[in-house]
Amino acid sequence: YGACPSSSDDVIITRDITPDASDAGSNQQFCDLSTATMAANIATDNGTGTWTILTPGPSLADINDPVTTVSNLNYGNNDFRWTIVSEYGICPASSSDVRIIRDEAPAPATTGLDQDLCGTLVSNPLGANAATVGVGTWSKVSGPGTVTFDLGANNPNTTASVSLVGSYVYRWSIVNGTCSTSEDITVFYSPAAPATPTIAGPANICEDENSVNFTCNAVVGGVTYTWTVPAAATITAGQGTTSITVDFTGVPVGAENVSVVASNACGANPAGNYPITIEARAIVNAGSDEETCENSSIDLSSISTLPSASNYASLLWTSSGTGTFNNANALTPIYTPGIGETGNITLTLTANGNGSCPNVSDNLILTVTPLPTANAGGNDEVCTDQATFTVTGASHTNGSVTWSTGGDGSFVNASIDNPT
């Protein structure tokens, strides 16, 4: 009936919110770093995230920071767990793990000295350092043939056999996870001493000629090609190769030699020799200037200064006029001017040089004088008592006039056309 004291009690109902599921981030792997940065997700809805170190050794700067810094990482695997609990701890917690792998850096890779081998396709031991951390492996970087690492590609001191001679580069690489180091060694496999090369080039060279080219074939095993030229000559380009350029200025006329020796680490065979002849330059003199009459030939063997030539392969006379030579290839031919040809004619004597020597020419001037003409005029009569008579109607061309008589009279001026 309400006379008794009343009694009450309270109840609290807590509704917790499930936060986003834990995501510890992607696994990480790097070379010889002792620290890393985590990359977990942020706990939502007032949840709390906490890192747990699953592999003893590392340290966390803040176990509740999803992107905290971790230090003192071990070599190898370092495992961590990111756990997110709800605000009131009622909802089920979620967790995920992440692994950070710290790879230990191996000691720097080293190899033996470069090798220059003679007459073999098998190298000496390559002399690399053994890998104390990680795995060491040989590989071919370059070379003309195939290679076999005779004791295996992981043996640091293996020999290397090849299929072809030439220069090879091998690499010794030591790899440990993300850490690596490497060093190269060059091995040159030479055949036996190279054969004698064969030279090609001009056999006849003009004195003081320059920019003359000689070549030789590339012989098997030839590495360096050493050329020898006459004492006064100069190799201006290409010494050591299969092609040279030579300046022969100052080399005397006569027989000489060009030679080349191919060599490699195994030595050399006898030189290849190439005989050459230094040819003298042509010299020519067409002779003295001369004069002849119209329609008259001139014998060049009888002029004041005779034509001369030396150091030539052939001769050739040419004319600026219309005349002809009886033998244009002779040194002293006969020249016959063209019909009615007069005036100055240039006769050119060309000496064609020997070998590569240039042609040389010289000129003489032949003056062809026109033939004279005379007309004494018409016949005439005079009386016996006439003391003088003057010629009329006389004329001449080309040259001078001289009158003469078969009688007893005389001319006042016998050197004019119409004298008295």
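**View 1. Two cysteines, Cys-383 and Cys-91, are shown with their accessibility.** Cys-383 is exposed, having a relative accessible area of 52%. Cys-91, at 13% relative accessibility, counts as buried. Here buried means under 20% relative accessible area, exposed means over 50%, and partly exposed lies in between, with a 1.4 Å probe and protein chains only. The model is predicted, so local features require pLDDT of at least 70 and side-chain atom pairs count only at pLDDT 80 or more, whereas totals for chains, interfaces and linings use all residues. Residues are numbered from 1 along each chain as its sequence is written, and side-chain values use heavy atoms, with hydrogens and water left out.

**View 2. Cys-31 and Cys-179 form a disulfide.** A disulfide is a covalent bond between the sulfur atoms of two cysteines; it is assigned here to a pair of cysteine sulfur atoms within 2.5 Å. The sulfur atoms of Cys-31 and Cys-179 are 1.9 Å apart, and their link is right-handed, with 120° about the S-S bond. Because Cys-31 lies in strand E1 (residues 28-31) and Cys-179 in strand E13 (residues 179-190), the pair ties together parts that are 148 residues apart in sequence. Strands (E, at least two residues) are DSSP runs, numbered from the N terminus. Cys-31 is partly exposed at 30% relative accessible area, while Cys-179 is buried at 1%.

**View 3. Cys-118 is joined to Cys-266 by a disulfide.** The distance from S to S is 2.0 Å. Cys-118 belongs to strand E8 (residues 115-118) and Cys-266 to the loop between strand E20 (254-264) and strand E21 (267-268), so this pair ties together parts 148 residues apart in sequence. With 43% relative accessibility, Cys-118 is partly exposed.

**View 4. A disulfide is formed by Cys-206 and Cys-357.** Their sulfur atoms are 2.1 Å apart, and the link is right-handed, with 105° about the S-S bond. The pair links distant parts of the chain, 151 residues apart: Cys-206 is in strand E15 (residues 204-206), and Cys-357 is in the loop between strand E30 (343-353) and strand E31 (360-369). Cys-206 is buried at 1% relative accessible area, and Cys-357 is buried at 5%. The count comes to 3 disulfides; with the bonded cysteines numbered in sequence order, the pairing is 1-3, 2-5, 4-6.

**View 5. Ala-93 is found in the loop between strand E6 (76-85) and strand E7 (94-103).** Ala-93 is partly exposed, with a relative accessible area of 47%. Leaving aside residues up to four places away in sequence, Ala-93 touches Thr-83, Ile-84 and Val-85, where contact means heavy atoms within 4.5 Å. The C-alpha atoms of Ala-93 and Asp-408 are separated by 169 Å, and these residues are 315 residues apart along the chain.

How values were computed. Helices (H or I, at least four residues) and strands (E, at least two) are DSSP runs, numbered from the N terminus.
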